[in-house]
Amino acid sequence: MIDITQHPTIGAAFFEAAAKFGDSTLLAVPANGARSYAKHGLELSYNEAANQVRQLMRCYAAQGYGVGHRVGLALENRPEHILHKLALNAVGACCVPINPDYRAAELSYLIEHAKLDLIVLLTSNRVGIESALGQTNWQAPTVLLEAFISELPLAATAATSVRPKQHTAASILYTSGTTGKPKGCVLSHRYELAAGAWYANMAGMIDIRQGQERLYNPLPLFHVNASILSFFCMMLTGNCQIQTDRFTPNRWWDEVCQSRATIVHYLGIII
């Protein structure tokens, strides 16, 4: 298991995991011919993920993104969400996941409240994002995932550093807002890694075996369960997160079996 006291930032822990676990699978996506990406499924090793994260880091750093910047990711449950989050955190920027089911008013609130410096989005989310930007005074620049490398805009303000520390903000996760405006929960590098390490070290009926687990998680990546708790547990222990696009009852058992899951995550309502 990766020692987070020796590697206290997400980038440091991730690249140590890549060096240690190499060709083991970090991310898997079950096959689903009905969606627009990875129709035949996807397996991404630690080495392959590290290569992609390094490329994304170079793009972000070249355009001036780093500590102090907040970047919204409207990438739904695609594996690119995790890769961009790792790259952003590695250069010190804060990731703000965007709920794809937000209405324009909710999204405009998030954009202005978080004071986003950039939004990375899918073409399918473009109309919704533009509608939300039309309702807010805070005009965050946008870039399509499909054109990210060639069209990433320069950061409007200078980063304070490209070397994050353990207490640097890694994510801002927004609550559902059922009792008022959504609350932006700021999670540090240390917090996120500690959450994964805590899960990995639980005793009793839970036994996370290094390099032997494949954890199926149908929950959204704008939620702490999938993007923080289970993902960092898997990453720190050389295991694999199986990330489907969303929970669907008629695909549940097919995907669990097809993906060779050893662990499944669920909420009570799923059962």
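**Group meeting: strands, helices and a few single residues**

Let's start inside a strand: N217 has Q243 as its bridge partner in β10. Before I go on, keep in mind that this is a predicted model.

So, where are we? N217 belongs to β9, which covers residues 214-217, and β9 pairs with β10, residues 240-243, in the parallel sense over four bridges. Another pair to look for in that stretch is L215, which stands opposite Q241 in β10. Now look at which way the β9 side chains go. R214 and Y216 point one way, L215 and N217 point the other way, and all of them are buried.

Now zoom out a bit. What is the strand order in this open sheet of five? Going across, you read β2-β1-β10-β9-β11, and the pairing is mixed. The edges are β2, residues 42-45, and β11, residues 263-264, each of which pairs on one side only.

There's a helix to look at here too. Helix α2, residues 46-62, lies across β1 (25-29) and β2, and runs at about 80° to β2. Have a look at A62, which sits in α2. Is A62 buried or exposed? Its relative accessibility is 59%, and the cut-off for exposed is over 50%, so A62 counts as exposed. A62 and L152 are 90 residues apart in sequence, yet their C-alpha atoms are 9.7 Å apart in space.

While we're around β1 and β2, find G33 in the loop between them. G33 is exposed as well, because its relative accessible area is 58%. From G33 to H84 you go 51 residues along the chain, and the C-alpha atoms are separated by 24 Å.

Okay, next stop: β5, residues 118-121. L118 and V120 point one way from this strand, I119 and L121 the other way, and again all are buried. On one pairing, four bridges join β5 to β3, residues 70-74, and the two run parallel. There, L73 stands opposite V120. β5 also pairs with β6, residues 142-144, in the parallel sense over three bridges. V120 turns up again here, with V143 as its bridge partner in β6.

On to a helix pair. Two packed helices get described by the angle between their axes and the distance between the axes. For α3 (residues 79-90) and α8 (residues 224-236), the axes come within 13 Å and cross at roughly 80°. Anything from 65 to 115 degrees goes down as roughly perpendicular, so that's what we call α3 and α8.

Which residues meet there? From α3 you've got I82, K85 and L86, and from α8 there's S227, I228, F231, F232 and M235. Sorted by class, the contact has six nonpolar residues, one polar and one charged.

Last one, a single asparagine. N99 is in the loop between β4 (94-97) and α4 (104-114).

Key
Residues are numbered from 1 along each chain as its sequence is written. This is a predicted model: local features need pLDDT of at least 70, side-chain atom pairs count only at pLDDT 80 or more; totals for chains, interfaces and linings use all residues. Side-chain values use heavy atoms; hydrogens and water are left out. Two strands pair if DSSP finds at least two bridges between them. Contact means heavy atoms within 4.5 Å. Axes are lines fitted to C-alpha atoms, for helices over the stretch in contact, and angles run from 0 to 180 degrees between N-to-C directions. Angles under 35 degrees count as roughly parallel, over 145 as roughly antiparallel, 65 to 115 as roughly perpendicular and the rest as oblique. Ala, Val, Leu, Ile, Met, Phe, Trp, Tyr, Cys and Pro count as nonpolar, Asp, Glu, Lys and Arg as charged, and the others, Gly among them, as polar. Buried means under 20% relative accessible area, exposed over 50%, partly exposed in between (1.4 Å probe, protein chains only).
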